[in-house]
Amino acid sequence: MNQQESPKRRQVSPEVQQQIHQDSEHFRKCLDYLREHAAGEQEGFYGPDSMTWVIYREPVILLGGLRAILLQIAHPAVAIGVAQNSNFRGDLLGRARRTYTAMYQLVFGGLREAMGAAKRVHSLHSRVNGSLPAGAAGSQGEGRYRANDPLLQRWVLATLIDGALVVYETFVRPLSVEEKRRFYQESRLAAAQFGLLPEQMPPTLEAFYDWYHEQLAGDALRVEDTARELAGLLFNSPFTRGQLDELLTAGLLPQRWREAYGLAWGPGQQRAWRLLKGTMRRAINLTPPTLRCVTAWHQAQLRLAQARGKRPTVMARVLNTLDSYVDVPFSIRPVATKAPAADKH
């Protein structure tokens with residue numbers, strides 16, 4: 001779900017062109033699956049009754065972004081792909097904003113908007129391919145990688161699925177096993193957005209975590225120089241510089257990866273983490289959902305209300321109007337509002 005500026009176009013071999021064509025044919029099957037299983041034209045892929053909307057309407061989910069990226073780039077091919085193709089170094093803030101906008105379009109957009117976002121992300125990723133350093137193996141063979149490689153896509157998606165659950169339970173409330181199972185089954189739609197058909201994902205939540213924990217404990221993931229360099233950029237950017245982002249990420253990461261990235265986790269950090277976690281959780285639960293939900297969720301509610309002939313909430317109308325004039329954080333795009341019907345006497 002990482003959207004970025006288009007990588008520079010380069011000459012590609014006939015073999016790579018053939019692989020891109022095969023990926024495109026496969027993605028068309030994924031688009032068919034998305035259309036068939038979407039909640040509706042106005043509801044988009046998931047709809048208001050989904051666990052995906054419940055979880056992603058919380059802005060605190062974004063705090064898991066650094067955790068997800070560090071786990072993603074622990075795969076050497078992902079790290080090298082990001083380093084070679086992304087404007088990660090020159091426009092980190094812009095890249096983050098584009099990524100989150102695409103994410104909210106996929107989650108909260110109507111079907112047309114969400115399908116468009118999925119196609120754009122796939123198109124961008126189709127240009128991300130290249131060579132690995134000597135001795136490094138990509139999942140498609142020695143010396144090569146591509147962003148639309150199913151094995152790499154599965155790993156990136158897995159970090160997002162697990163990260164969303166970890167952050168929600170840490171800062172909002174515990175989820176029941178059934179709620180987690182529902183969320184995981186809904187993530188099959190997210191997989192199709194990445195270009196993965198359902199049979200390319202573990203069939204159940206339990207099978208997913210068996211595979212995921214095996215990956216975390218295995219040898220395929222490792223923090224190499226490229227990953228360390230990218231992590232240094234993340235923790236020293238103008239808008240995240242400081243100890244808070246490192247503390248948040250260290251508290252959310254598994255121990256092995258906290259240590260691999262050299263994040264401090266002594267008694268002082270652990271006390272600060274417990275205090276921060278407790279304070280944030282209390283603050284979140286004392287704030288009514290209407291006031292804390294992301295703008296994209298309100299815009300989706302406005303779109304649904306209009307489609308069903310209901311009156312949108314004041315908050316939805318205010319945020320949507322503001323988004324027409326300024327770039328409101330965590331939004332998708334302003335919903336075209338309809339004039340209220342005249343009262344009939």
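Modeller: Gladly! Let's start with helix 1, where Val16, Asp23, Phe27, Cys30, Leu31, Tyr33 and Leu34 are buried. Keep in mind that this is a predicted model, in which local features need pLDDT of at least 70 and side-chain atom pairs count only at pLDDT 80 or more, while totals for chains, interfaces and linings use all residues. Residues are numbered from 1 along each chain as its sequence is written, and side-chain values use heavy atoms, with hydrogens and water left out.

Biologist: What makes a stretch of chain a helix or a strand?

Modeller: Both are DSSP runs numbered from the N terminus: a helix is H or I with at least four residues, a strand is E with at least two. By that rule the chain has 16 helices and four strands.

Biologist: Why is Asn148 called buried?

Modeller: Buried means under 20% relative accessible area, exposed means over 50%, and partly exposed is in between (1.4 Å probe, protein chains only). Asn148 has 6% relative accessibility, so this residue counts as buried. Asn148 sits in the loop between strand 4 and helix 7. Across the chain, buried residues make up 53% of the 345 residues.

Biologist: Which residues does Asn148 touch?

Modeller: Contact means heavy atoms within 4.5 Å. Setting aside residues up to four places away in sequence, Asn148 touches Asp23, His122, His125, Ser126, Gln153 and Phe194.

Biologist: What makes the pairing of Asn148 with Gln153 a polar contact?

Modeller: A polar contact is a pair of N or O atoms within 3.5 Å; within protein, one must be able to donate a hydrogen and the other to accept it, and residues adjacent in sequence count only if both atoms are side-chain atoms. The side chains of Asn148 and Gln153 are joined at 3.2 Å, which counts as a polar contact.

Biologist: Why is the pair Asp23 and Arg146 called a salt bridge?

Modeller: A salt bridge needs a side-chain nitrogen of Lys or Arg within 4 Å of a carboxyl oxygen of Asp or Glu. For Asp23 and Arg146 the closest N and O atoms are 2.8 Å apart, so the pair qualifies. This pair links distant parts of the chain, with Asp23 in helix 1 and Arg146 in strand 4, 123 residues apart. Both Asp23 and Arg146 are buried. The structure holds twelve salt bridges.

Biologist: What separates Asp32 and Arg35 in helix 1?

Modeller: About one helical turn, because they are three residues apart in helix 1. An α-helix has 3.6 residues a turn, so residues three or four places apart point the same way. The side chains of Asp32 and Arg35 meet in a salt bridge at 3.3 Å, N to O.

Biologist: Is Asp32 buried or partly exposed?

Modeller: Asp32 is at 46% relative accessibility, so it counts as partly exposed. Arg35, at 44%, is partly exposed too.

Biologist: How do you know that Pro202 is buried?

Modeller: Its relative accessible area is 12%, so Pro202 is buried. Pro202 lies in the loop between helix 8 and helix 9 (205-217).
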